[in-house]
Amino acid sequence: MSRDSSESGFLLPTTPPPVNDEALDDLFRVTIAGITGLDPRRVVRRFNPEPAIAPQFDGTWASVGVMAIDDDDFAPQGLRADGTYRLIQHERLEVMASFYGDKAQQAARMARNGIQIEQNREVLASAGIALMHAEKPVKAPVLINNRWSNRIDVTFVFRRAIADVYPILSLTGVDGGIATDAGPTESISVTTDD
């Protein structure tokens, strides 16, 4: 690994990574628990290393997780006036919340309405995440312990822009010569105003 572009090798961003993986799922899980009024222990991550045991059959609970991340094919990048080289990636996050139990439809409605309130999105905004829209609820009953449970799926679509700074130095000068087939080389020196 090289420290900056003055050395050969791979370059890593110098900025801290954004919220990702389980921490990102937890951000959405906490938001869904807050806007539905469900006990946070009854709003679980959609994917866990060890599958969670479903809460009691007669209660209302939810599972939440990022299902898809779509980003720019060619992210804008370049040297900025402050001397940093930035690559800006625009991500589209699809987050599915599945609501289970006797009041699943009510919880889904509260989630779709509550996410539209700006104050309810403050924790997401602090992580640079903005709401685009909520898809229509889809009824998808599921068999749990040999009993059918009511289930409503809602997909929320969010966006965020992530700026990664890379240690790429700008060219401020060059010393050298120009060789041509017509004659001797001439020595030149070029510098910028920086």
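This is a predicted model: local features need pLDDT of at least 70, side-chain atom pairs count only at pLDDT 80 or more; totals for chains, interfaces and linings use all residues.
Residues are numbered from 1 along each chain as its sequence is written, and side-chain values use heavy atoms, with hydrogens and water left out. Local features need pLDDT of at least 70 and side-chain atom pairs count only at pLDDT 80 or more, whereas totals for chains, interfaces and linings use all residues.

Let us start with the overall layout. The protein has 3 helices and 11 strands, taken as DSSP runs (helices: H or I, at least four residues; strands: E, at least two) and numbered from the N terminus. Along the sequence these elements follow the pattern α-β-β-β-β-α-α-β-β-β-β-β-β-β. Of the 194 residues, 32% are buried; here buried means under 20% relative accessible area, exposed over 50%, and partly exposed in between (1.4 Å probe, protein chains only). The protein exposes about 12,600 Å², of which carbon and sulfur atoms supply 52%; accessible areas come from the Shrake-Rupley method with a 1.4 Å probe, and for residues only the protein chains shown count as cover. Among contacts (heavy atoms within 4.5 Å) with a separation of 6 or more, 62% are between residues 24 or more positions apart.

Helix H2 (residues 104-114) has as its buried residues Ala 104, Ala 107, Ala 108, Ala 111 and Gly 114. These residues cover an arc of only 140 degrees around the axis, which puts them on the same side of H2; the arc is that of the directions from the helix axis to the C-beta atoms. The cover over the buried residues of H2 includes H1, strand E4 (85-100) and strand E9 (151-166).

The structure holds 9 salt bridges, each defined as a side-chain nitrogen of Lys or Arg within 4 Å of a carboxyl oxygen of Asp or Glu. Glu 22, Asp 26, Arg 29 and Arg 45 are linked in a network of such bridges. Arg 45 pairs with Asp 26, the closest N and O atoms being 2.8 Å apart. Arg 45 lies in strand E1 and Asp 26 in helix H1, so this pair ties together parts that are 19 residues apart in sequence. Arg 45 also forms a salt bridge with Glu 22, with the closest N and O atoms 3.7 Å apart. That pair links distant parts of the chain, with Arg 45 in strand E1 (residues 43-45) and Glu 22 in helix H1, 23 residues apart. Within helix H1, Arg 29 and Asp 26 are 3 residues apart, about one turn of the helix, and their side chains meet in a salt bridge (3.2 Å, N to O). Arg 29 counts as buried at 18% relative accessibility, while Glu 22 is partly exposed at 40%.

Next comes a serine in strand E2 (residues 61-71), namely Ser 63. Ser 63 is buried, with a relative accessible area of 6%. Leaving aside residues up to four places away in sequence, Ser 63 touches Val 44, Arg 46, Met 96, Ala 97, Ser 98 and Tyr 100. The side chains of Ser 63 and Arg 46 are joined by a polar contact of 3.2 Å (a pair of N or O atoms within 3.5 Å; within protein, one must be able to donate a hydrogen and the other to accept it, and residues adjacent in sequence count only if both atoms are side-chain atoms).

Finally, Met 1 lies in the segment before helix H1 (21-36) and is exposed, with a relative accessible area of 73%. Together with Phe 10 and Leu 12, Met 1 forms a nonpolar patch on the surface, with about 420 Å² of accessible area. Patches are made of residues with over 30% relative accessible area and no salt bridge, like charges being joined within 9 Å and nonpolar side chains (Val, Leu, Ile, Met, Phe, Trp, Tyr) within 5 Å.
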